Amino acid sequence: MPGFWRDGEPLVLASGSATRRDMLASAGLPVEVVRPELDERTVEAAFLASGGAASGIAAALAEAKALAVSPLRPGRWILAADQTLSCGGEAFHKPRDAAEARAQIAALAGRDHVLTSAYALARDGMIRANGARDARLTMRPLGPEEIARYVALAGETATGSVGGYRIEELGAHLFAAVEGDHFTILGLPLFDLLASLRACGLLA
């Protein structure tokens with residue numbers, strides 16, 4: 001029985017995220033991974049300097065990644081995605097070490113923050129579709145000992161994700177409430193992406 005994917009070649013995922021790759025594979029989409037060569041902080045700084053709002057950073061980065069990979073795979077459909085975290089007007093990035101992970105979690109503890117996940121679809125150097133969606137998460141109040149214990153138990157996970165957590169893993173212990181769909185929280189608004197792929201004629 002034919003699958004959902006209609007294109008003759010796999011979707012090119014311009015991301016090294018195993019979570020996004022597995023999400024797409026679980027949805028029946030064949031994927032080829034090509035990591036973009038891109039300085040994300042430079043792209044972010046240029047976007048903000050041009051008057052872009054902080055809420056649009058994820059979308060700007062997704063488009064930049066898709067356009068960086070598109071020339072490497074002519075004629076192919078390129079998917080890129082990005083996720084940003086903001087709390088109280090401050091943008092967070094992946095912590096560089098365990099100490100920074102503890103500091104980020106301490107800054108988020110007892111507060112709401114917003115995850116914005118965005119995607120862009122490109123082909124032959126042009127953006128053909130894009131989208132973004134927010135999720136609001138409430139972290140429960142946490143003391144220094146609780147934070148230190150979590151970071152020690154989480155290991156590389158604490159430094160591999162913005163905010164110092166992966167909510168689908170041990171990070172679940174940090175939270176009191178979540179508003180938003182599961183896929184957006186994981187870093188890709190899958191329902192919106194699938195709608196875009198159908199609109200582009202790529203899905204049955």
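Modeller: Happy to; we will go through charged pairs and then aromatic rings. This is a predicted model, where local features need pLDDT of at least 70, side-chain atom pairs count only at pLDDT 80 or more, and totals for chains, interfaces and linings use all residues. Residues are numbered from 1 along each chain as its sequence is written, and side-chain values use heavy atoms, with hydrogens and water left out.

Colleague: Why is the pair of K65 and D82 called a salt bridge?

Modeller: The term asks for a side-chain nitrogen of Lys or Arg within 4 Å of a carboxyl oxygen of Asp or Glu. The closest N and O atoms of K65 and D82 are 2.7 Å apart, so the pair qualifies. It links distant parts of the chain, 17 residues apart: K65 is in helix α3 (residues 57-69) and D82 in strand β3 (residues 77-87). Helices (H or I, at least four residues) and strands (E, at least two) are DSSP runs, numbered from the N terminus.

Colleague: What makes K65 buried or exposed?

Modeller: Buried means under 20% relative accessible area, exposed over 50%, and partly exposed in between (1.4 Å probe, protein chains only). K65 has 7%, so K65 is buried. D82, at 6%, is buried too.

Colleague: What about E44 and R41?

Modeller: Their closest N and O atoms are 2.9 Å apart, which makes a salt bridge. Both residues lie in helix α2 (residues 40-49), three residues apart, about one turn of the helix. E44 is buried because its relative accessibility is 10%, while R41, with 38%, is partly exposed.

Colleague: How do you know that E169 and R166 form a salt bridge?

Modeller: Their closest N and O atoms are 3.9 Å apart, and the rule asks for within 4 Å, so this pair counts. E169 is partly exposed at 39%, and R166 is partly exposed at 28%.

Colleague: How many salt bridges does the rule give?

Modeller: The count comes to 11. Salt bridges also link E9, E32, R73 and R76 in a network.

Colleague: Why is the pair of Y165 and F175 called edge-to-face?

Modeller: Rings of Phe, Tyr and Trp (its six-membered ring) pair if their centres lie within 6.5 Å; planes under 30 degrees apart count as stacked, over 60 as edge-to-face and the rest as tilted. The count comes to two aromatic pairs. For Y165 and F175, the centres are 4.8 Å apart and the planes at 70°, so the pair is edge-to-face. F183 and F191 also make an edge-to-face pair, because their centres are 5.2 Å apart and their planes at 90°.
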